[in-house]
Amino acid sequence: QSFFSFNIAAQLLTIALPAVALALFLSRRPGRALRLRMPHLGVLPLVVVLAACLQPAMVMLGEWIQQLYPLSDATVEMQKSVADLFNGAPLLAIFLFVAVTPAICEELAFRGFIQTSLEQRVKPYTAILLTSFFFAVTHGILQQSLNAFFGGIVIGVIAWRTGSILPCML
């Protein structure tokens with residue numbers, strides 16, 4: 001359980017906190033700089049349906065990437081070690097670690113602060129592509145990074161079109 005607690009705290013401190021701090025220090029409207037506004041409520045069910053529809057495509061993309069660029073033996077061993085930590089772990093800890101914390105932290109940083117800031121300087125699609133690239137690089141493993149890049153584009157468009165990161169978190 002300390003593994004999950006440590007990693008959740010690390011995400012909050014290294015991803016979310018810097019984004020929030022920068023928005024507070026560099027913006028007169030930090031909520032706007034982070035896209036923290038309620039979207040039209042009709043968007044939320046659509047985002048859930050979109051996620052459900054895109055999930056099989058993202059899995060297939062991941063498998064295709066895996067075939068083109070197989071994981072190294074060391075990476076496979078590392079993934080097995082991490083997977084072993086999930087055995088017997090409380091479901092709530094796993095849910096917070098895998099879904100909730102990354103959704104909040106990554107969206108505050110990437111689609112919130114970074115993409116919003118870039119959109120003030122470049123065209124929205126350029127900002128979305130750059131933000132998706134930065135998002136992909138942080139995933140560390142090439143195979144995950146490629147998948148994250150394409151997922152980041154979809155999430156970036158949602159943030160731009162809705163003006164909110166809340167659907168992206170969902």
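Reader: Is the crossing in which H5 passes H6 left-handed or right-handed?
Author: This is a predicted model, in which local features need pLDDT of at least 70, side-chain atom pairs count only at pLDDT 80 or more, and totals for chains, interfaces and linings use all residues. Residues are numbered from 1 along each chain as its sequence is written, and side-chain values use heavy atoms, without hydrogens and water. The axes (lines fitted to C-alpha atoms over the stretch in contact, with angles from 0 to 180 degrees between N-to-C directions) of H5 and helix H6, residues 124-137, come within 9 Å and cross at roughly 145°. With the near helix turned clockwise from the far one by less than a right angle, the crossing of H5 with H6 is right-handed.

Reader: How many charged residues does the contact of H5 with H6 have?
Author: Contact means heavy atoms within 4.5 Å, and the H5 side includes Glu-106, Phe-110, Arg-111 and Glu-119, while the H6 side includes Ile-128, Phe-134 and Phe-135. Asp, Glu, Lys and Arg count as charged, Ala, Val, Leu, Ile, Met, Phe, Trp, Tyr, Cys and Pro as nonpolar, and the others, Gly among them, as polar. Beside nine nonpolar and two polar residues, the number of charged residues in this contact is three.

Reader: How is H3 oriented to H7, roughly parallel or roughly antiparallel?
Author: The axes of H3 and H7 come within 9 Å and cross at roughly 160°. Because angles over 145 degrees count as roughly antiparallel, H3 is to H7 roughly antiparallel.

Reader: Which helix gives the largest share of the lining of the largest pocket?
Author: The largest pocket is lined by 41 residues, and Val-98, Pro-102, Glu-106, Phe-135 and His-139 lie nearest its centre. Helices giving two or more residues to this lining include H1 (2-26), H3 (43-68), H4 (73-86) and H5 (91-119). By class, the lining has 28 nonpolar, eleven polar and two charged residues. The largest share, nine residues, comes from H5.

How values were computed: 1 Å grid on protein atoms, 1.4 Å probe; cavity = no way out; pocket = protein on both sides within 12 Å on 5 of 7 lines; lining within 4 Å. Helix = DSSP H or I, 4+ residues; strand = E, 2+ residues; numbered from the N terminus. Parallel < 35°, antiparallel > 145°, perpendicular 65-115°, else oblique.
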